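Student: Please take me through this model, starting with the strands.
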Amino acid sequence: MARGGGRGGVARGAVDYSMAVVLVGIVLSLAAATQVASAAGHDYRQALSKSILYFEAQRSGRLPGSQRVSWRADSGLLDGKANGVDLVGGYYDAGDNVKFGLPMAFTVTMMSWSVLEYGNQMAAAGELGHAVEAIKWGTDYLVKAHPEPNVLYGEVGDGDSDHDCWMRPEDMTTSRQAYRLDPQNPGSELAGETAAAMAAASLVFRSSNPGYANTLLQHSKQLFDFADKYRGRYDSSITVSRKYYASSSGYGDELLWAAAWLHEATGESRYLDYLATNADALGGTGWSINQFGWDVKYPGVQVLAAMFLLRRGNGGAHADVLRRYKQKADLFACSCLGRGGANSVRRTPGGMVYHQSWNNVQFVTSAAFLLAAYADHLAAAGQAAQCPDNGGSAQPSELLAFARSQVDYILGSNPRATSYMVGYGATYPRQAHHRGASIVSVKANPSFVSCQAGYSSWYHRRGANPNLLDGATVGGPDEYDNFADERDNYEQTEATTYNNAPLMGVLARLAAGHGGGRFGHDSVAVEEASSSTAINGANRTSLPSPSPASEHASPVEIEQNATASWTERGKTYHRYAVTVTNRSLKTVHELHIGISKLYGQVWGVDKARYAYVFPSWLSSLPAGKSASFVYVQAAPPADVWVTGYKLL
């Protein structure tokens, strides 16, 4: 497991499962796609096909007759039986045999968003039916996992017992215990994300299967109410998930994410009201984080809210708060381009955005999708992203060019000339960290492979996997573009469903080329990256804390000063004191401080998942109050900025 109103252009729900007739305009787009793919040296259409095919290798349950990954067979057919519920189906998250609810729901949300934005482009490539099948395989399971309004099964199996064994899913003897959420054991992140997945998927099926769409929407509404009424961290209720999919960002982002998708799916004002009135309290306009994934949804919320504003024009009664959401969406986009001030994303020497050593590619694919989708919506509205600290405007074409550069890197345009999508290109990972792919297929040899025999005979075996995990996008290289294709190198060679879910959307966009945008016209041309956005062209800048691009100043003020200096062994050291002050009339909660270019020791703050935080005894900062921390280093002052907060 790796851890680490209506829509414009295509009417709400207009993506049809059985879409077989391709309009002339789409045919022309496909012709343009061939030219673009050739110019880039990549076959985006082939990569799209493979990215969707991968999900069939991850299926749990009784496989359908249409199954194309032939080395897989039925598995997990008794899931849920001990709990008196049918939990057969769904997806294994990565290279193991556990069904984790949070990443699975996020996968379904992002597959659905990919189809909603670029379903026509998938149809032109002949892949829309496969994409929708992949979504339905997930939603069918999520419906089963929600048997009562306030009950949600969030996991089947557990990571500890699963990791003790290396077995094909067809041979599993490990625990298949199911874990549930209910009012006494709440889990707002998981319930909220599942509500978002159901709402987004309901739009996919609105035209072709309205009855199913209505079922999904009913589940979504119930789950949102459950998540909001019984608030609590899901990993405090399903504690076995904590080691593998801990909630570091809390549940505020998932509640806003679910509300945004429910507004999109229903057009009901109460969900937009929720998004607006809870913007401060749940962190929607307070977080300025530069990564988006299964745990932290704030950039996704901010981009969706910005899209609401762009489509509405003036934003209506919630114009002010929607503009604040858009500022954060702009900052995310600018940060990816290296124009977000101190909040800018790091890059490897080869140009890949880099956040962490374990499955970094998940953040590459999610950022590429957000940038592509946001670029199309900005272009349709005749707008650009506004960057902080005199960073100017980031044009939609720049966002799309950078998204393309990241996809190209994954597909092989990198210093190693290695594709990080299994089965694509001449050189790709042969030893993906994946139980089913690394052991001989049960179809070829039905002899039982035991828990430890899997390790002794297959896990430690040097050589390519016997089964091709076609289309799997693995964790990828380190911060220096280095990669070791070794099965036990799980940080780099394990693939996940949430790596591929956003990638299928941006691949569809790129495969369509000019005129392939969300709105069916040449809103954004796919161009080569300019010198300011080329993957080798921008280093992280050394700038003071990023300030918003409009009149909405941050309520948290940061001031740092050198309070002492001394020379020791030929080096001059400086003691820096940083004061953080709440200038608002409300109390700041869950304050996260970003620090970069820190080369010495720091006192008074602790390192958390996404930033630094004050000690637990200083969990809030009342109006007008300040808190301080210090650090020492033989260097100029570090960059210090506000990453996120909630305002109550």
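**Strands, rings and annotated residues**

Student: How many bridges pair strand β9 with β15, and in which sense do they run?
Tutor: Strand β9 (residues 571-582) and β15 pair antiparallel over eight bridges. Two strands count as paired if DSSP finds at least two bridges between them; helices (H or I, at least four residues) and strands (E, at least two) are DSSP runs, numbered from the N terminus. The model is predicted: local features need pLDDT of at least 70, side-chain atom pairs count only at pLDDT 80 or more, and totals for chains, interfaces and linings use all residues. Residues are numbered from 1 along each chain as its sequence is written, and side-chain values use heavy atoms, with hydrogens and water left out.

Student: What is the bridge partner of R575 in β15?
Tutor: V632 is the partner of R575.

Student: How many residues of β15 are buried?
Tutor: Six of its eight residues are buried, and β15 is mostly covered. Buried means under 20% relative accessible area, exposed over 50%, and partly exposed in between (1.4 Å probe, protein chains only).

Student: Which aromatic pair involves F629?
Tutor: F629 pairs with F614 edge-to-face, at 6.2 Å centre to centre and 65° between the planes. The pair links distant parts of the chain, 15 residues apart: F629 is in strand β15 (residues 626-633), and F614 is in the loop between β13 (612-613) and β14 (620-621). Rings of Phe, Tyr and Trp (its six-membered ring) pair if their centres lie within 6.5 Å; planes under 30 degrees apart are stacked, over 60 edge-to-face, and the rest tilted.

Student: How many aromatic pairs does the structure hold?
Tutor: The structure holds 28. Ring pairs also join F106, W113, Y118, W257, W261, F292 and F369 into a cluster.

Student: New topic: where does UniProt place the "active site" feature?
Tutor: The record, an unreviewed entry, places it at H433, D485 and E494. These residues span 62 residues in sequence, yet no two of their C-alpha atoms are more than 10.1 Å apart, so they gather at one spot. UniProt positions follow the numbering used here, feature names are shortened, and annotations may be inferred rather than shown by experiment.

Student: Where is H433, and what does H433 touch?
Tutor: H433 is in the loop between α15 (396-411) and α16 (435-438), and at 8% relative accessibility H433 is buried. Beyond neighbours within four places in sequence, its contacts (heavy atoms within 4.5 Å) include W166, R487 and E494.

Student: And which loop holds D485?
Tutor: D485 lies in the loop between α17 (451-459) and α18 (490-493), and is partly exposed at 26% relative accessibility. Leaving aside neighbours within four places, D485 is in contact with Y428, P429, R430, Q431 and T493. The backbone nitrogen of R430 lies 2.7 Å from a polar atom of the D485 side chain.

Student: Over which ring does R430 lie?
Tutor: R430 lies over the face of Y428, 3.9 Å from the ring centre. A charge sits over a ring if NZ of Lys or CZ of Arg is within 6 Å of the ring centre and within 35 degrees of the ring normal. The charged end of K646 likewise sits over the ring of Y251, 5.8 Å from its centre.

Notes:
A polar contact is a pair of N or O atoms within 3.5 Å; within protein, one must be able to donate a hydrogen and the other to accept it, and residues adjacent in sequence count only if both atoms are side-chain atoms.
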